[in-house]
Amino acid sequence: MTLNLFWWFMILTKKLSNFDICKLAVKLEKKFNPFTGHQDSYGCGMRDFKRIHFFKNKDPSFNYYNLKMFENFDMFLLYTNITRESNPILKDINVAKTKKQLKVVEDMEKAINKVDFKQMCVLINQGWENKKKTSTKILMNQSL
């Protein structure tokens with residue numbers, strides 16, 4: 001009897017750590033989309049609120065943060081029924097313009113460590129403004 005891919009995956013994951021599953025997810029996703037990054041797989045697959053340090057030739061490392069500042073914080077995600085294909089955007093990213101995000105990440109880490117919620121919100125907005133400048137296609141929505 002042949003097991004389908006889902007069952008093989010279920011068997012493998014019983015013996016894999018969350019980190020190993022993330023690593024495998026990145027490897028599989030890269031086969032289908034060479035432009036994809038690593039942050040989504042590790043960001044979702046590893047526990048808690050964290051900063052991820054990515055390196056060229058070694059595994060990422062993580063700094064985990066205290067969640068105290070979020071004790072009275074509510075956030076909602078709303079499904080808009082709008083979808084898009086990421087490949088055209090990822091192909092168009094101006095990598096040089098992404099460097100500004102590193103400063104935002106440094107400042108965000110300081111705000112989190114100081115439990116400065118107001119500054120964190122300012123930095124989220126600043127990060128979004130920087131990200132929009134990395135490609136004109138980020139705000140394009142071909143489904144509208």
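**Exercise 1. Determine which residues of helix H2 are buried and how they are arranged around the axis.**

Step 1. Helices (H or I, at least four residues) and strands (E, at least two) are DSSP runs numbered from the N terminus.

Step 2. They cover an arc of only 60° around the axis, so they sit on the same side of H2; the arc is taken from the directions between the helix axis and the C-beta atoms. An α-helix has 3.6 residues a turn, so residues three or four places apart point the same way.

Step 3. On the face turned away from the buried side, H2 carries the exposed residues Lys27, Lys31 and Phe32.

Step 4. The packing partners of the buried residues are helix H3 (39-45) and strand E2 (61-64), where contact means heavy atoms within 4.5 Å.

The model is predicted: local features need pLDDT of at least 70, side-chain atom pairs count only at pLDDT 80 or more, and totals for chains, interfaces and linings use all residues. Residues are numbered from 1 along each chain as its sequence is written, and side-chain values use heavy atoms, with hydrogens and water left out.

**Exercise 2. Check the span of H2 against its number of residues.**

Step 1. H2 has 15 residues (18-32), and the expected span is 1.5 Å times one less than the number of residues.

Step 2. This gives 21 Å, and the end C-alpha atoms are 21 Å apart, which agrees.

**Exercise 3. Describe the lining of the largest pocket.**

Step 1. The lining has 46 residues, with Gln39, Phe54, Gln101, Val105 and Lys131 nearest the centre of the pocket.

Step 2. Among the elements that each supply at least two lining residues are H2, H3 and strand E1 (50-53). H6 gives the most, with seven residues.

Step 3. By type, the lining divides into 24 nonpolar, 12 polar and 10 charged residues. Ala, Val, Leu, Ile, Met, Phe, Trp, Tyr, Cys and Pro count as nonpolar, Asp, Glu, Lys and Arg as charged, and the others, Gly among them, as polar.

**Exercise 4. Locate asparagine 81 and valine 115 and state their accessibility.**

Step 1. Asparagine 81 is in the loop between E2 and H4. Its phi is near 70°, a positive value in a residue other than glycine. At 59% relative accessibility, asparagine 81 counts as exposed.

Step 2. Valine 115 lies in the loop between H6 and H7. Valine 115 is not a glycine, yet has a positive phi of about 55°. With a relative accessible area of 42%, valine 115 is partly exposed.

Note on methods:
Buried means under 20% relative accessible area, exposed over 50%, partly exposed in between (1.4 Å probe, protein chains only). On a 1 Å grid over the protein atoms alone, a cavity is a set of points where a 1.4 Å probe fits but cannot get out, and a pocket is an open set with protein on both sides within 12 Å along at least five of seven lines; lining residues have an atom within 4 Å of a point.
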